[in-house]
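Subject: Structure handover

Dear colleague,

Here is the structure to take over from me. My notes on what was found in it follow below.

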Amino acid sequence: MAIEHPEIDLAEYIELALLQPAATREHLRDCCDRAVQYNFPAVCVYPSAVKEAAELLHGKHPGVCAVIGFPAGATTTATKRYEAQEAVENGATELDVVLNLGWLKMGDSESIYREVASICEESGQIVKVILEMALLTPTEKRLAAEICMDAGAAYLKTSTGWFGGATLEDVRLLKEITKGRVGIKAAGGIHTAEEALELVLAGATRLGTSRGVELLHQRNSSR
């Protein structure tokens with residue numbers, strides 16, 4: 001069945017991810033070149049790749065997003081703050097920060113709030129908090145979303161992709177909770193252009209994927 005909604009340009013939503021642990025400089029250059037070629041809003045990389053990515057993308061449209069506390073979120077707040085600040089100093093314009101799931105499971109809302117708020121305030125950049133929704137109960141999903149919005153997060157992100165991917169149900173839930181106050185980034189397990197489009201229609205305002213170019217080619221071939 002043909003994919004509809006031709007008015008939606010998927011390229012405007014895609015953050016091209018390069019998060020394979022063994023990625024090389026050649027992989028990074030290719031990722032940045034493709035982000036420029038297809039006018040993606042950002043590339044998403046490990047902190048060690050931020051400086052080179054920022055140099056490759058200097059003066060160009062895509063921004064540089066760095067993952068912080070990735071993928072488990074269990075490093076200390078001081079470590080995350082340092083990692084975030086160093087990434088910003090190296091050229092990151094966005095930060096994807098993994099939530100401390102242990103604190104959430106224990107009901108330690110105050111620690112979560114302090115950590116997210118401090119990174120938002122000190123970095124001065126766009127912060128997206130990764131909730132890892134596949135590991136949470138419905139009550140925990142709502143609590144995490146509310147805490148992170150109150151702490152200043154600009155986006156809520158569904159997943160790292162390491163423990164389960166984005167689902168339509170979770171994106172719809174975040175849309176209901178956020179009511180347009182923050183963005184929603186769906187990430188993990190987006191294999192087809194149709195899946196990507198469905199996530200956008202459900203409420204995603206960004207898509208995190210390493211398959212960005214493949215998704216656009218699928219979309220174009222379906223028209």
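Is arginine 29 buried, partly exposed or exposed? Arginine 29 is partly exposed, at a relative accessible area of 39%. Buried stands for under 20% relative accessible area and exposed for over 50%, with partly exposed in between (1.4 Å probe, protein chains only).

Some conventions before the rest. The model is predicted, so local features need pLDDT of at least 70 and side-chain atom pairs count only at pLDDT 80 or more, while totals for chains, interfaces and linings use all residues. Residues are numbered from 1 along each chain as its sequence is written, and side-chain values use heavy atoms, with hydrogens and water left out.

Overall fold

The protein chain has nine helices and eight strands; these are DSSP runs numbered from the N terminus, helices being H or I with at least four residues and strands E with at least two. The radius of gyration is 17 Å, close to the 17 Å from the globule rule for 223 residues, so the protein chain is as compact as a globular protein of that length. That radius is taken over C-alpha atoms, and the rule is 2.2 Å times the number of residues to the power 0.38. Along the principal axes, the C-alpha atoms fill a box of roughly 50 × 40 × 30 Å.

Of the 223 residues in the protein chain, 54% are buried. The exposed surface comes to about 10200 Å², with carbon and sulfur atoms supplying 51% of it; accessible areas are from the Shrake-Rupley method with a 1.4 Å probe, and for residues only the protein chains shown count as cover. Taking contacts (heavy atoms within 4.5 Å) between residues at least 6 apart in sequence, 70% join residues at least 24 apart.

Strand β8 and its neighbours

Strand β8 covers residues 206-209; Arg206 and Gly208 point one way from it, Leu207 and Thr209 the other way, and all are buried. On one pairing, strand β1 (residues 14-18) and β8 run in the parallel sense over three bridges. Two strands pair if DSSP finds at least two bridges between them. Leucine 16 has threonine 209 in β8 as its bridge partner.

Strand β7 (residues 183-187) is also parallel to β8, joined by three bridges, and lysine 185 stands opposite arginine 206. Together with helix α8 (residues 193-202), β7 and β8 make a right-handed β-α-β unit. Right-handed here means that, with the strands pointing away from the viewer, the path from the first strand over the helix to the second runs clockwise.

Threonine 209 has 6% relative accessibility and counts as buried. Leaving out residues up to four places away in sequence, threonine 209 touches Ile14, Glu15, Leu16, Ala17, Ile190 and Leu215.

Salt bridges

The count is 18 salt bridges, each a side-chain nitrogen of Lys or Arg within 4 Å of a carboxyl oxygen of Asp or Glu. In one of them, glutamate 15 meets lysine 128, with the closest N and O atoms 3.3 Å apart. This pair links distant parts of the chain, since glutamate 15 is in strand β1 and lysine 128 in strand β5 (residues 126-130), 113 residues apart. Glutamate 15 and lysine 128 are both buried.

Glutamate 15 also forms a salt bridge with arginine 206, at 2.5 Å from N to O. Arginine 206 lies in β8 and glutamate 15 in β1, so the pair ties together parts that are 191 residues apart in sequence. Arginine 206 is buried, as is glutamate 15.

Arginine 29, from the opening question, pairs with glutamate 52 at 3.7 Å between the closest N and O atoms. Glutamate 52 is in helix α2 (residues 47-56) and arginine 29 in helix α1 (residues 25-37), 23 residues apart. Separately, salt bridges that share partners join Glu15, Glu94, Asp96, Lys128, Lys157, Lys185 and Arg206 into one network.

Backbone points to check

- The peptide bond from phenylalanine 70 to proline 71 is cis, with omega near 0 degrees. Proline 71 is in the loop between β3 (63-68) and α3 (77-89).
- Glutamate 132 is not glycine but has a positive phi, near 55 degrees. Glutamate 132 lies in the loop between β5 and α6 (138-151) and is buried at 1% relative accessibility.
- Lysine 179 likewise has a positive phi, near 50 degrees. Lysine 179 sits in the loop between α7 (168-178) and β7 and is exposed at 66% relative accessibility.

Regards
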